[in-house]
Amino acid sequence: MSALRRPPRRPVLAVVAAVVLLALGAGVAVGLTAALGIETSPKTIPVDNPVAAPATAAVLPPELTIAQAPDSPRMTLALTELEGALAAAPATEGAATLTITAGDDTADESYTLTGTPEALNVTAPGIAGATLAVYDLAAAVRDGRSILTHLGETVTPRLSFRMVDLGAAGVEPDPAEWTIGTDYSHNSKAFQRAILPEAPYVDRAVVDELRPGWEAYVAYALAQGANAIAVPGFLEYVDFRAIGVYPDGDPHIARAEAMREAFGPLWQYAHDLGLKVYFRTDMLALDPPLESYLTDRFGRLDTENPELWEVYAAGQDELAQTMPYVDGLLLRIGEGGAIYKLPGWDYTSSIQVTTVAGVRAMLTTLLAHAEDLDKEVIFRTWSVGIGDVGDIHIDPASYHAALDGIDSPALIVSTKYSAGDFYSYLPLNTTLETGDQRRIIEFQSRREYESFGSFPNDLGDLSRTALDTFLAANPHVEGVWVWTQDGGPWRAGPMTLVLTSGFWQLADLNTTLVMRLARDPELDPAEITNDWIHRWFSDDPATVDAIAAAMADSREAITDGLYIGPWAEQTVVALGLHPPPSMWMFEWDILTGDSAALDTIASITLQQGRLDEAIAQGRHAVEVVDAMRAAVGGTDPAAWKSAELRDELLASLDYEASTLGLLADYRAAILQQGRWHATGDPAAYAAWAEARDAYLAAAQQHLATYTGDPFHPPLQLTAAQLGIDRADRDLPMAWAARVLAALAGGWLLLGLLAEVIRRGRPVPRVVAAARAAWIAATRPWRAAEVVAGLGRVDRVLLAAVPGALLIASHLVHTWLLAPAHLLVTLGGWALFALVVVGAAMLLGRAARPGDEHARARDRVLAVLATLGGVAVARTALLMAVDAPTGPGGYWYGFWTDPTARSLYVTVAFALFAWAVVATAWTLAVALGARRALGVALAGVGAVMTAVGLLVRGVGLEESLTVWNDQMGLLPWGLARILGITTYLEIPQDTPLLLAAPGAVLLAVGLGLALVGRARRVRAA
């Protein structure tokens, strides 16, 4: 029976503890894999294969006389466009009269063209159709087509809703703002010079100065066939007087009045000329007094509470009274923040509508008011992935959950044509094929992710495919929204502003394509492209053919040059988000150097066995651009309508060749680097080095050529250079890791061998310290025993060897480039050691005061031996995984190899946890189990509290940005554009969530360690 009562032997407990810690480590590994959530699957990409249509001879218009036309501002503007087209024609042939008759129907846009070539008649149910006919005639003249194309036909637009954005109206081209290259604000700063921070709040003289540009853009939109326009604004125009949001004297009241008086006439001008005007705003739209009002009244920004939305509805009602020419609101909930804020004003937005209940509360409230006011609400499904409705844009199930049953006739749902943002290599958006709501499709002319329209990029075939698909699938599709200018940061790309600056005609092509296809989806996009060539460049058939061939090849250059096919063809999910198909170009112009993106791209490419193909794809894109450039450059300059536009097109192709050539070299470098990390093949390393050198040379040439050019800005290469710098150090760090792994392993092996062969014999110096570290780390209950009697040199080595190895290993693991990482990791080790060593010195059970110093010293040595032994084991593990190809290889495996990652995380976590357990076990021999546990808990709590408070003091976003910049794990541009915490939905109070439990652990640990100490001291 006595044997049964014997407590378990300590080695058995150690084995049990090791098994438990490994199990916990495995759980952490499983949780990490689930959190990363990296999954890939093939996707269906729409066919995008534009072809050139054969050139036809330009048809000269007749000398046209207006015999009769309705007397209205809308018709006057349309006739002005027709007169301008006739004046720009190279000549006329024959003569004709035009008689225009319009009825009283205010909505019908159809018209009928009858008569003879010499006497044309336009009859329309209303002014909308009549003016559309005149714009069509003007377009035919400018495009070199016969004005008799629709003779004998009734023309009715297929889609009745055709909206444009604000364009570049009110945006003043200042080269100094564009050449900075790092302004990622999404605010256009339209009319910014007229916006004043103090009374009178708006400079009316500046508004009047900029008004002609606005009127020119309205004329442009109408000539393109638009009948609606979205302009930024909402909160700036309302004062909420009905409900008293702003106290008397608050400047927001006077500011709203000034905005209505200054800009109201501009918006009314567009409305009166046939463009429905929608105020475009993010929700929640906020300013400080409004946010205070909402939080005071509702306790928080409770977007699921319909009463909160009644506040915004009050603003909606107010607009209907003060600005009746505004036809509705256009709402977005999935993006916002300071990135859209106009400098100098306190109006901003916040992503707060993140739940289905919030969406439904917002829409049902605002739609009820809209119906009463005879207004409309356009709801954008776009979201960057935040919250429960973060995938409403691409997931039909999420769409239905949010919108089923909301069938107000005042609701229009606006959705991008692609299942994601405006990239290539994306499927068509299946949410546009479902739902009972009125739907419009969003298209972007100046493709933000494809060099902001600075390269030729003919989207005609893709646009027609999208329209055909959605019109066949969903009878509720009734329109398009064409972004002629907007999307992305305005000043981080070329200074191309529609109508005013740069080679904006490239984007104009895509506006023309979508607008014409929206009216008649059966048109041939290639013929529309030829019309555009006739309009801007040449009527010479040979020149038209050359430009048309270049435009037909433009998509191949874009898709091969800006995308890495094996990656782009996959649907990838990571961290609950959908990385874009051009992830190596993180958002617009930043060539990224982070391991998460580049390692995953390389891994997917290697898994498919397509590395050589992917590299060749980049080279092919350059060849395509060279051929395009040769075709256009081989045309007769005399055959062009404008020598300036010829130069612009050639300069665009030169810029594209430089950009894609640089990208081709960088693509080869990152893919070969990934191959080296995956295989360790020296040939891959040599190929990487060759591609790196080619990239660096191309980058130097690219920057030398385009730095300071606002129309052809160079790529931002800082992040890529940081990646190159780390990659350059991988091989030296790998050799250093091999040495450190050998030293750490040798130290542990030396201790193991010393223990095995000692058998009562004295242990030599140095060996004694290694033996003490080995035994203390593996059998911490013997730590005090093995450190007793150590000489001075051994005592120094007991701390110095693990400390040196720990510091050196973390320097190697961070390429000697990440002091922030060292501060947290090494500081954590040091703080934990300081707490437990301090406790070992201060606490004890010595009965004789004369023995206290010696006993305290031995307790400290025992703790140092234990911590040092575990730290050396941890160092050996870390350096073993860094040894093959350096820290870059470690991160490559982390991102791309779930098995290796899980194995490493399991063992690494178990070792970290064992450091705490073993330390407590060591102290328990001298202090007792309770007090030893308290010291260990206090050490852990101190580290958690210190790290949490440090990050809180610096700022979570700032801390993550500095750390990520130095480690290069996530895209460098993430912090500068979207914000790491925002994009990854990391709560801002995360540091406190770490510090608060840490403080509790610290307090509990100190309580366990110190309770009863005073009594024992007195007894001693």
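Author: D407 counts as exposed because its relative accessibility is 63% (buried is under 20% relative accessible area, exposed over 50%, partly exposed in between; 1.4 Å probe, protein chains only). This is a predicted model, where local features need pLDDT of at least 70 and side-chain atom pairs pLDDT 80 or more, while totals for chains, interfaces and linings use all residues. Numbering starts from 1 along each chain as its sequence is written, and side-chain values use heavy atoms, without hydrogens or water.

D407 sits in a loop. That loop runs between α11 (396-403) and β14 (411-416) (DSSP runs numbered from the N terminus: helices H or I, at least four residues; strands E, at least two). On the surface, D407 belongs to a patch of negative charge. (Patch residues have over 30% relative accessible area and no salt bridge; like charges join within 9 Å, nonpolar side chains within 5 Å. A salt bridge puts a Lys or Arg side-chain nitrogen within 4 Å of an Asp or Glu carboxyl oxygen.)

Now set a nonpolar patch beside the charged one. V12, V16, V20, L24, V28 and F909 make a nonpolar surface patch of about 460 Å². Helix α2, residues 10-36, gives the most to this patch: five residues. F909 lies in helix α28, which covers residues 898-927. F909 counts as partly exposed because its relative accessibility is 31%.

Another loop carries R765. The loop lies between α21 (718-758) and α22 (767-778). R765 is exposed, because its relative accessible area is 61%. From C-alpha to C-alpha, R765 is 9.7 Å from L797 in space. In sequence, the two are 32 residues apart.

Side chains alternate along β5, residues 119-124. L120, V122 and A124 point to one face and are buried.

Strand β3, residues 95-102, runs parallel to β5, and six bridges join them (strands pair at two or more DSSP bridges). Across that pairing, T101 stands opposite T123. Strand β4, residues 111-116, runs antiparallel to β5, with five bridges. Here T114 stands opposite N121. β4 and β5 form a hairpin, with two residues between the strands.

Conventions: Areas by Shrake-Rupley, 256 points an atom, 1.4 Å probe, with all protein chains shown as cover. Lys, Arg positive; Asp, Glu negative; His and termini not counted. Charge placed at Lys NZ, Arg CZ, Asp CG, Glu CD.
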